[in-house]
Amino acid sequence: MGYLADLFQEGKVQEFNAYRKKHPDIDLIDLSGVEVNGKSFSGIDLSGVALFEAHFANCDFSEADFSGAELRGAFFGACNFTHAQFGNANCQKAKFIGCVMREASFMVLSAEEALFIGRDENFLPARQYLERSEFERAHINPQVTFVMPIGRPGAETKHQNAPTTRTLQ
């Protein structure tokens with residue numbers, strides 16, 4: 001899996017996606033523990049990829065496909081997930097801190113003990129960072145925490161016991 005890991009670390013999305021398409025027989029792509037800062041992964045196909053304990057900062061995952069991905073314990077700081085797909089992703093204990101989730105889809109998400117923290121007052125209001133994100137049929141148990149900045153229009157405070165279906169408009 002070294003070649004795919006290298007393509008990923010270098011942010012070579014087209015080559016990464018082309019290799020996956022050419023080799024559909026690859027059962028497991030394990031990128032666990034990677035640390036990436038400031039790369040664009042816009043449009044990358046990470047469906048079914050293992051990213052346990054991975055660490056991402058200032059990365060662009062717009063229109064990325066995380067369907068069925070293993071994101072347990074992963075950290076995402078100030079990343080862009082606009083139009084990203086998380087169908088059947090496992091986000092247990094994952095942390096999304098100050099990320100843009102605009103129109104991201106979290107259908108059938110497993111997110112026990114996950115943490116979603118909105119941007120602080122120097123950035124967009126929290127409602128905008130989750131604008132039109134769909135948590136349809138998402139399995140979000142009481143350990144999931146949504147933290148939004150206080151004192152901004154549309155902002156909310158800490159949310160424990162999130163409902164199993166949550167759509168912010």
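Is Arg72 buried, partly exposed or exposed? Arg72 counts as partly exposed, at 33% relative accessibility; here buried means under 20% relative accessible area, exposed over 50%, and partly exposed in between (1.4 Å probe, protein chains only).

This is a predicted model, in which local features need pLDDT of at least 70 and side-chain atom pairs count only at pLDDT 80 or more, whereas totals for chains, interfaces and linings use all residues. Residues are numbered from 1 along each chain as its sequence is written, and side-chain values use heavy atoms, with hydrogens and water left out.

**Overall architecture**

- The protein contains 3 helices and 8 strands, where helices (H or I, at least four residues) and strands (E, at least two) are DSSP runs numbered from the N terminus.
- Read from the N terminus, the order of elements is α-α-β-β-β-β-β-α-β-β-β.
- Of the 169 residues in the protein, 44% are buried.
- Among contacts with a separation of 6 or more, 31% join residues 24 or more positions apart; a contact means heavy atoms within 4.5 Å.

- Two packed helices are described by the angle between their axes and the distance between the axes.
- Helix H1 (residues 2–9) packs with H2 at an angle of about 150°, the axes being 8 Å apart; axes are lines fitted to C-alpha atoms, for helices over the stretch in contact, and angles run from 0 to 180 degrees between N-to-C directions.
- H1 and H2 are therefore roughly antiparallel to each other, given that angles under 35 degrees count as roughly parallel, over 145 as roughly antiparallel, 65 to 115 as roughly perpendicular and the rest as oblique.
- On the H1 side, Tyr3, Leu4, Leu7 and Phe8 meet Glu15, Phe16, Tyr19 and Arg20 of H2.

**Aromatic pairs**

- The whole structure holds 19 aromatic pairs; rings of Phe, Tyr and Trp (its six-membered ring) pair if their centres lie within 6.5 Å, and planes under 30 degrees apart count as stacked, over 60 as edge-to-face and the rest as tilted.
- Phe56 and Phe61 make an edge-to-face pair, at 5.2 Å centre to centre and 90° between the planes, and both Phe56 and Phe61 are buried.
- Phe66 and Phe81 form a tilted pair, because their ring centres are 5.9 Å apart and their planes stand at 55°.
- Phe66 lies in the loop between strand E2 (55–57) and strand E3 (75–77), and Phe81 in the loop between E3 and strand E4 (95–97), so the pair ties together parts that are 15 residues apart in sequence.
- Phe66 and Phe81 are both buried.
- One aromatic cluster is formed by Phe8, Phe16, Phe41, Phe56, Phe61, Phe66, Phe76, Phe81, Phe86 and Phe96.

**Salt bridges**

- Side chains of opposite charge can pair when their charged atoms come close.
- The structure has 3 salt bridges, each defined as a side-chain nitrogen of Lys or Arg within 4 Å of a carboxyl oxygen of Asp or Glu.
- Lys12 pairs with Glu10 at 3.1 Å, N to O; Lys12 is partly exposed at 35% relative accessible area, and Glu10 is partly exposed at 44%.
- Arg20 pairs with Asp45, with 3.5 Å between the closest N and O atoms.
- Arg20 lies in helix H2 (residues 13–22) and Asp45 in the loop between strand E1 (35–37) and E2, so this pair ties together parts that are 25 residues apart in sequence.
- Arg20 is buried at 18% relative accessibility, whereas Asp45 is partly exposed at 25%.
- Glu70 pairs with Arg72, the closest N and O atoms being 3.0 Å apart, and Glu70 is partly exposed with a relative accessible area of 23%.

- Not counting residues up to four places away in sequence, Arg20 touches Leu4, Ile29, Asp45, Leu46, Ser47 and Val49.
- Lys39 sits in the loop between E1 and E2 and is partly exposed at 31% relative accessibility.
- Lys39 and Gln9 are 30 residues apart along the chain, and their C-alpha atoms are separated by 8.4 Å.
- Leaving aside neighbours within four places in sequence, Lys39 is in contact with Gln9, Glu10, Gly11, Asn58, Cys59 and Asp60.
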